[in-house]
Amino acid sequence: MRRSFLTTPSALLLGLSLSLSHAAGAQSAPSTWRRSVEASGTVLYGAASQRVLNGLMSLSSETAARQLRADLQTGYGDAIDLVTGERRVIVRNTRGTFGLDLTPRATWSPFAFGLAETSLQQRLASRVSAGAGAKFTAWRPDSVRGGFQEDASLSLALLSEQTRGLRLNDTTPVAGSGTRHRWSVRLRYRTRLGEALRFSHLTLYQPTIDRAARYTMESTSTLAVPLRSALELTVTHRERLDSEARDRGALSNRDGQLLFGVRATF
């Protein structure tokens with residue numbers, strides 16, 4: 001079960017890569033595929049030495065009829081106590097996502113999505129979810145400035161989720177696990193600040209249908225500064241909350257990161 005789960009995001013991206021190669025070879029129409037690779041991290045030092053590294057690969061394709069997108073993200077971090085010299089892993093996660101939007105350029109558009117992830121800091125052995133919903137785009141300029149699409153949208157969806165927590169030992173049952181059915185509310189805003197800065201923000205709130213106090217929440221804000229046509233410097237603040245993380249043995253329900261990175265798009 002574990003081996004199958006870990007290979008799901010990789011298999012997904014492999015399948016999309018093969019589709020990308022096929023599309024690139026077609027002579028009748030230009031390719032609509034876009035790919036990006038981002039590497040980011042932080043380093044802290046003082047009473048304790050910490051480092052966090054993060055990698056992100058993305059594939060997307062958009063036409064007037066549909067939009068496909070897939071992401072694979074990995075993170076690793078460790079900390080060293082300068083007094084004892086002890087090193088311990090504080091961050092280890094993998095997340096793969098997939099989405100399909102129909103008529104993405106319309107004011108109202110239906111979509112479906114899926115997610116598979118693991119997380120040491122939130123004590124997740126696996127979390128797999130899938131759902132569908134509708135997106136309302138309140139603002140989208142007709143022109144695309146500098147290859148960056150600006151918009152503001154609100155999405156509402158229903159999803160089903162299966163969560164399996166990391167065991168402390170073979171005999172202790174894991175709380176905060178099982179099947180969850182959730183609402184999903186997403187707010188997204190993307191705009192250019194002047195001629196250089198590009199700002200994007202996403203907030204995702206997912207309470208269970210039967211209990212609003214049992215929820216997951218994610219907030220991601222990114223500033224990007226283009227260096228060349230295909231290269232950007234990025235600063236990303238990401239915060240994830242899981243109301244059941246401490247039940248699974250995590251130190252906190254909150255997991256936040258401030259990352260500085262470089263992104264290449266081609």
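Is Thr103 buried, partly exposed or exposed? Thr103 is partly exposed, at a relative accessible area of 35%. On that scale, buried is under 20%, exposed is over 50%, and partly exposed is in between, using a 1.4 Å probe and protein chains only.

A word on the source. This is a predicted model, where local features need pLDDT of at least 70, side-chain atom pairs count only at pLDDT 80 or more, and totals for chains, interfaces and linings use all residues. Residues are numbered from 1 along each chain as its sequence is written, and side-chain values use heavy atoms, with hydrogens and water left out.

Now the overall picture. The protein has 1 helix and 12 strands. Take the contacts with a separation of 6 or more: 54% of them join residues 24 or more positions apart. Contact here means heavy atoms within 4.5 Å.

Back to Thr103. It sits in the loop between strand 4 and strand 5. Its phi is positive, about 45 degrees, although Thr103 is not a glycine. Pro104 is in that loop too, between strand 4 and strand 5 (108–119). Pro104 counts as buried, at 3% relative accessibility. What does Pro104 touch, leaving out residues up to four places away in sequence? The list includes Glu62, Arg66, Ser109, Lys135 and Arg140. Arg66 is 38 residues from Pro104 along the chain, yet their C-alpha atoms are separated by 6.0 Å.

Another positive phi belongs to Arg123, near 55 degrees, and Arg123 is not a glycine either. Arg123 is in the loop between strand 5 and strand 6. It is buried, with a relative accessible area of 16%.

Next, the aromatics. The whole structure holds 4 aromatic pairs. The rule covers rings of Phe, Tyr and Trp (its six-membered ring) with centres within 6.5 Å; planes under 30 degrees apart are stacked, over 60 edge-to-face, and the rest tilted. Trp139 and Tyr189 have ring centres 6.0 Å apart and planes at 35 degrees, so this pair is tilted. Trp139 is in strand 6 (residues 124–139) and Tyr189 in strand 8 (residues 178–193), 50 residues apart. Trp139 is partly exposed at 34%. Tyr189 is partly exposed at 36%. Tyr205 and Tyr215 are also a tilted pair, 5.9 Å centre to centre with 55 degrees between the planes. Tyr205 is in strand 9 (residues 197–207) and Tyr215 in strand 10 (residues 215–228), so the pair ties together parts 10 residues apart in sequence.

Last, the second largest pocket. A pocket, on a 1 Å grid over the protein atoms alone, is an open set of points where a 1.4 Å probe fits, with protein on both sides within 12 Å along at least five of seven lines; lining residues have an atom within 4 Å of a point. This one has about 520 Å³ of space, counted as the space filled by probe spheres set on the points. Its lining has 22 residues, with Ile90, Val91, Gln121, Leu251 and Asp255 nearest the centre. Which strand gives the most to that lining? Strand 12 does, with 5 residues.

How values were computed:
Helix = DSSP H or I, 4+ residues; strand = E, 2+ residues; numbered from the N terminus.
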